[in-house]
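Subject: Structure handover and findings

Hello,

I am passing on the structure we discussed, with the sequence alongside. My notes on what was found in it follow below.

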Amino acid sequence: MSNILSPTPHNIQLCANAIKNGEVVAFCTETVYGLGADAFSIDAVKKIFSLKGREEDNPLIVHISDISQVHELAREVPDRALKLMQKLMPGPISIVLKKSKKVPGIVTAGLDTVAIRMPRNASALELIKHSGIPIAAPSANISGTPSPTIAQHVENDFKNKLQFVLDGGQCEIGIESSVIDLSGSMPRILREGKVTKEEIEAVLGEKVEVLTNSNKPLSPGMKYKHYAPKAQVIFIEHGGYPILPVGLRGKKVKIISMKNCISTDEYAKNLFLNFRKADDEGYEVIVCELARDAGIGRAINNRIRKASSKM
Ligand code: TXA
Ligand code: MG
């Protein structure tokens, strides 16, 4: 029997009860599917790490349904954070702040900071609201594989290990939230996403640094292999012609290009879906075109480059 549930009020309540009981539930957000548990329960959060096979030095994002919950999670909420939250939450952005004592160390991997996000997907918001507690949730994939953007992809990774997958259809954005660190003296983007540096700068009225390609992984998760399908990913420049390295000739090759895409947003939405589809169809190599390096294109290119890296 499938454990994929449509997001009816009854099913959302069922999932919220499971969260309250310390269980793990997968749910849809506007970015990617999340694997959620009670952020205040050490035992519940441990289950997330063990299900995903995630390293314990990689912190989780805590999801809320109301901005006022930030004060329970963060011990300091600077003006910058208030500004960003008022303008961009709910939405595809996570804000890193100094953590409160209430947040268990396992959630933040021992860091003194916590990442907080309020998703805008209606079923995600309802789930968090009905749970009555903040929900710690990484992307709902086995560590290292592409993030899931449909319920079936969550099911494929975890088989029958999850009691419930709350099905919200295909994720609207398709790549993970922008992560911005506001815990220090200067705002810094740790992971690029749909919300761009320019948008954040416009709200804050100041310059923001992007650190995603820095050698020192400030967002601990960035150092691990990420987003990788089983097929080998090779990228080509935006508008470039797909040429296969000699060593790979004769392999079954899938080309993912922007040619048949109506927009860069559409390309982002289907990127991980296409990676997983290529695996399902037995392709050995994916030749993937980079997007134009602006707006959400920067986040797309970060994911493609990581998927292709051997790390
Ligand atoms: O869109 C998203 O953010 C999705 C959905 C489910 O909300 N979640 C997600 O979680 O992508 P995850 O665990 O796959 O990625 C979280 C990223 C990791 O790179 C992690 O290192 C970083 O956020 N992160 C979490 N807490 C942090 C902290 N306190 N300081 C710096 N980076 C942090
Ligand atoms: Mg992830």
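Ala26 stands opposite Leu35 in β3, within an antiparallel pairing in which three bridges join strand β2 (residues 25-27) to β3; two strands are taken to pair if DSSP finds at least two bridges between them. Helices (H or I, at least four residues) and strands (E, at least two) are DSSP runs, numbered from the N terminus. A hairpin of six residues connects β2 to β3. Strand β3 (residues 34-38) is mostly covered, with five of its five residues buried, where buried means under 20% relative accessible area, exposed means over 50%, and partly exposed lies in between (1.4 Å probe, protein chains only). Two bridges also join β3 to strand β7 (residues 135-136) in the antiparallel sense, and there Asp38 has Ile135 as its bridge partner.

Before going further, please note that this is a predicted model, in which local features need pLDDT of at least 70 and side-chain atom pairs count only at pLDDT 80 or more, while totals for chains, interfaces and linings use all residues. Residues are numbered from 1 along each chain as its sequence is written, chains are lettered from A and ligands numbered from 1 in the order in which they are written, and side-chain values use heavy atoms, with hydrogens and water left out.

As to the overall fold, the protein has nine helices and 14 strands, and its C-alpha atoms fill a box of roughly 55 × 50 × 35 Å along the principal axes. The radius of gyration, taken over C-alpha atoms, is 19 Å, which agrees with the value near 19 Å that a compact globule of 311 residues would have; the globule rule is 2.2 Å times the number of residues to the power 0.38. Buried residues account for 55% of the 311. The accessible surface comes to about 13,600 Å², of which 51% belongs to carbon and sulfur atoms, with areas from the Shrake-Rupley method and a 1.4 Å probe, and with only the protein chains shown counting as cover for residues. Among contacts (heavy atoms within 4.5 Å) between residues at least 6 apart in sequence, 71% join residues at least 24 apart.

Strand β6 (residues 113-117) is likewise mostly covered, as five of its five residues are buried. In a regular strand the side chains alternate between the two faces of the sheet. Here both faces are covered, with Thr113, Ala115 and Arg117 on one side and Val114 and Ile116 on the other, all of them buried. Strand β4 (residues 61-63) pairs with β6 in the parallel sense over three bridges, whereas strand β5 (residues 93-98) pairs with β6 in the antiparallel sense over five bridges. Ile116 has Val62 opposite it in the former pairing and Ile95 opposite it in the latter.

Turning to charged side chains, the count comes to 15 salt bridges, a salt bridge being a side-chain nitrogen of Lys or Arg within 4 Å of a carboxyl oxygen of Asp or Glu. Glu72 and Lys102 meet in one of these (2.7 Å, N to O), and this pair links distant parts of the chain, with Glu72 in helix α3 (residues 70-73) and Lys102 in the loop between β5 and β6, 30 residues apart. Glu72 is partly exposed at 31% relative accessibility, as is Lys102 at 44%. Arg120 and Glu172 also meet in a salt bridge (2.7 Å, N to O); Arg120 lies in the loop between β6 and α5 (122-131) and Glu172 in the loop between β8 (164-166) and β9 (178-181), so the pair ties together parts that are 52 residues apart in sequence. In a further salt bridge, Arg188 meets Asp181 (3.1 Å, N to O), where Arg188 is partly exposed with a relative accessible area of 25% and Asp181 is buried at 7%. Finally, salt bridges that share partners join Glu192, Asp293 and Arg298 into one network.

Best regards
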